[in-house]
Amino acid sequence: MSRETHPPSLLEQLGARTLHVVDVAQSLIGTLWWALRSSRAPGVGAQAVVRDLSARQIFFTSFQALPMISAAAAFIGATLTAQTELLGGAFQRETAGKILVAVVLREVAPLVTAIIVAGRSGTAIATELGMMRVNSEVLGLASLGIDPPRFLIWPRLVATTVSVPILTIYFSAMAILSGNVTAFLIDSHGLEEWRVGAMLALSPLDLPLVLIKTVGLGLLVGWLCCYYGLDVGSSPTEVPQKASRAVVASLFACIAYNALITVLFYWLFGAAVT
Amino acid sequence: MIQINEAEQEPGVTLDRVHFGFVTTELLGGISWELNQGQSAAILGASGAGKSTLLLVAAGLIAPRSGAVLHGAHPLERLSPSERVRRGLRIGFVFQDGGLFTNMDTFSNVSLPLYYHQDALGLSEQAIQERTREVLDLAQIEERHFQALPAHLSFGDRKRLGIARALAIRPNYFFFDDPDIGLDQRTANVTHQILSQLKADPAVTLLVATSRTKLIVRLEIPGFELAEGKLAPAPERSQAPSGWSIPPRLIIP
């Protein structure tokens, strides 16, 4: 007797989708929770091993990314300055300086830095952790009494969360320097006005804004990439799939988080900044 | 519940109504089984019967779908891997496919758990170095390979490195997945000799998964057959082949 199968109804599909989303959300929160919890576990030896790992991850995520960040910042600084200059009479040079600082420091630098970290280190994190799953290395750690969240997730979370703010400040400095040079090359006479505009655009509130943004962006990149990396099952073909999903999810989350913080910031402190 | 050896002994590994499976198949169908502390046993079964899965569940490396796994009196689900070591549950697990850390050299593969548990095990820097060399020597890994990545080692060396790593923290629970698989003569000798010594050590509870009965005959340990998710005592086997002995130089540190 053959059993007749029906395609799932819309309601069943919706239910299955909801369950999947709840499951992913639970696992995501679990990943972060276990990493934070395990980082507080006792053990002087473990602390030393994890500290060493974190330092190496920070070196890889921030220091080794400097050439790429420098190039991106220089191009973006030059492009923005050239564009504002091209608008000609519509803007004074002072305004051009203000625009560059406001746009670069508050918006472009945090987001582009996070995108570079996600593309560079995020892919590496997801791929490495995925391969470790496939090769039974994660089980190997657990078998030796080494907590995988502490050994694998925590150092990577620390690295991305520390590196994005540092790289953002570096990016901003390089972009403003590049804008300065571009402004000078276009018209050396109005350079002082451009500098005054750039200085006037800075607000004391920029520091907390940039910090909140960059720490959050770094955490998002590390968190999502660790989650997708460790979500790999036993097949090597899953590794590139999960790595790609990790980067796409990180980029989307970063763009959404950046927009959310900007809107909240200007809603709360807009008058003070302008 | 299936229990082996004398009832008055302390429990070593306890499986209590353990279920485990994947979407369409149930590999472990409510297994209740106990292996006393300091005793040894082998899980036998056809390829795909779930021997490796049972070993991973019994070692507390994967959680059962339902039921409980205990080492001594400790339910493993409540303890993180490092908490187990702090409570004196030191596990050694030799994986079928190695499970070695691919981005660490041979020496670091073995010394990592010693550094990680340095305070719990009470080891100095010098003691860590010495013990690492000791177990690498025991597993007959040549010194010229100490700085090599696992990918640059032969299959036999990798297998023996897996054994050395599992022995590093002086485990009192030792799990060995398929010790017979694809071994050269040297690795086979080292493997069997180490297993024999672990079996003879009253502090070590030893569980081996294998598809070959020759090993359990040599080791003279009881076998349990895993089939269709159930575990049952395996039928008696013939005696160990004559002429098989343990070379005296191998002493587990």
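At what angle do the axes of H4(A) and helix H8 of chain A cross, and within what distance do they come?

## Packing of H4 and H8 in chain A

In this predicted model, the axes of H4(A) and H8(A), the latter spanning residues 206-230, cross at roughly 20 degrees and come within 8 Å. Angles under 35 degrees count as roughly parallel, and H4(A) and H8(A) are therefore roughly parallel to each other. The crossing of this pair, H4(A) with H8(A), is right-handed. Sorted by class, the residues in the contact of H4(A) with H8(A) are 16 nonpolar, five polar and five charged.

## The two sides of H7 in chain A

Helix H7 of chain A covers residues 191-201, and its buried residues are Trp194(A), Gly197(A), Ala198(A) and Ala201(A). Viewed down the axis of H7(A), these buried residues fall within an arc of 100 degrees, so they line one face of the helix.

What do the buried residues of H7(A) pack against? Their partners are two helices of chain A, H4 (93-134) and H6 (148-186). On the face of H7(A) turned away from the buried side sit the exposed residues Glu192(A) and Met199(A).

## Contact between chains A and B

Between the chains, 18 residues of chain A are in contact with 23 residues of chain B. On the side of chain A that touches chain B, helices H2 (44-61) and H5 (137-143) of chain A each supply at least two residues. H5(A) gives the most to that side, with five residues. By class, the side of chain A that touches chain B comprises eight nonpolar, eight polar and two charged residues.

How values were computed
Residues are numbered from 1 along each chain as its sequence is written. Chains are lettered from A and ligands numbered from 1 in the order in which they are written. This is a predicted model: local features need pLDDT of at least 70, side-chain atom pairs count only at pLDDT 80 or more; totals for chains, interfaces and linings use all residues. Two residues are in contact if their C-beta atoms, placed from the backbone, lie within 7 Å. Helices (H or I, at least four residues) and strands (E, at least two) are DSSP runs, numbered from the N terminus. Ala, Val, Leu, Ile, Met, Phe, Trp, Tyr, Cys and Pro count as nonpolar, Asp, Glu, Lys and Arg as charged, and the others, Gly among them, as polar. A residue is buried if 20 or more other C-beta atoms lie within 10 Å of its own, exposed if 12 or fewer, and partly exposed in between; C-beta atoms are placed from the backbone. The arc is that of the directions from the helix axis to the C-beta atoms. Axes are lines fitted to C-alpha atoms, for helices over the stretch in contact, and angles run from 0 to 180 degrees between N-to-C directions. Angles under 35 degrees count as roughly parallel, over 145 as roughly antiparallel, 65 to 115 as roughly perpendicular and the rest as oblique. A crossing is left-handed if the near helix is turned anticlockwise from the far one by less than a right angle, and right-handed if clockwise.
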